[in-house]
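Please look over the sequence and the structure shown below.

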Amino acid sequence: MSKTELVTREGYEALQQELNHLWREKRPDTTAKVAWAASLGDRSENADYQYNKKLLREIDRRIRYLRKRLEVIKVVDYSPEQNGRVFFGAWVEIENDEGEQLTFRIVGPDEIYGRNDYISIDSPMARALIKKQADEEVQVPTPTGIKEWWINKIWYPQQQG
């Protein structure tokens, strides 16, 4: 399944900042370390050289990915018409019959890393919630069967829910 090519405004800016940091700071710094380590002679036994060369490849891979991704992703801004329903960018609070509560924001697949309060628009949970309203019940397919959740609250960052 291909990734949805949507991103929140904050997510787009974060990806752009990461690209700028990698290109303007991390890559030149690592390149300098590789050059320094290479100047020491035998590269086959030079741990600094090998480590930084590998790091440089990883940085370059991430830079290529970000450049391509930033060209194709579409920023989705909040719209007042979204109020009262779950759409891309919404914060949602849900609860199940056992009283377990979850609160998360529905965002693009590029935004979920390092965040345990964000879920991808491509996830089964997000798919089940889209267009639903507060006080509605949703059925979410999981590997262990259908799980039922109740929507307690929906808000968007611009509303300060």
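A residue is called buried under 20% relative accessible area, exposed over 50%, and partly exposed in between, using a 1.4 Å probe and protein chains only. By that scale Glu5 is partly exposed, with a relative accessible area of 39%.

This is a predicted model, in which local features need pLDDT of at least 70 and side-chain atom pairs count only at pLDDT 80 or more, while totals for chains, interfaces and linings use all residues. Residues are numbered from 1 along each chain as its sequence is written, and side-chain values use heavy atoms, with hydrogens and water left out.

Side chains of opposite charge can pair when their charged atoms come close. A salt bridge here is a side-chain nitrogen of Lys or Arg within 4 Å of a carboxyl oxygen of Asp or Glu. A search of the whole structure finds eleven salt bridges. One of them links Asp110 with Lys3, with 3.7 Å between the closest N and O atoms. Asp110 lies in the loop between strand E4 (101-107) and E5, and Lys3 in the segment before strand E1 (6-8), so this pair ties together parts that are 107 residues apart in sequence. Helices (H or I, at least four residues) and strands (E, at least two) are DSSP runs, numbered from the N terminus. Asp110 is buried, at a relative accessible area of 10%, whereas Lys3 is partly exposed, at 37%.

Glu5 has a salt bridge as well, to Arg69, at 3.9 Å from N to O. Because Arg69 lies in helix H2 (residues 47-72) and Glu5 in the segment before E1, the pair ties together parts that are 64 residues apart in sequence. Arg69 is buried, with a relative accessible area of 9%.

Which residue does Arg69 meet with closest N and O atoms 2.6 Å apart? The partner in that salt bridge is Asp110. Helix H2 holds Arg69 and the loop between E4 and E5 holds Asp110, so parts 41 residues apart in sequence are tied together. Through shared partners, salt bridges join Lys3, Glu5, Arg69 and Asp110 into one network.

Now to the sheet. Five strands form an open sheet in the order E5-E4-E3-E7-E6, with mixed pairing; two strands pair if DSSP finds at least two bridges between them. At the edges are strand E5 (118-120) and strand E6 (137-142), each pairing on one side only. Strand E3 (residues 91-95) and strand E7 (residues 145-155) run antiparallel and are joined by five bridges. Val92 has Ile154 in E7 as its bridge partner.
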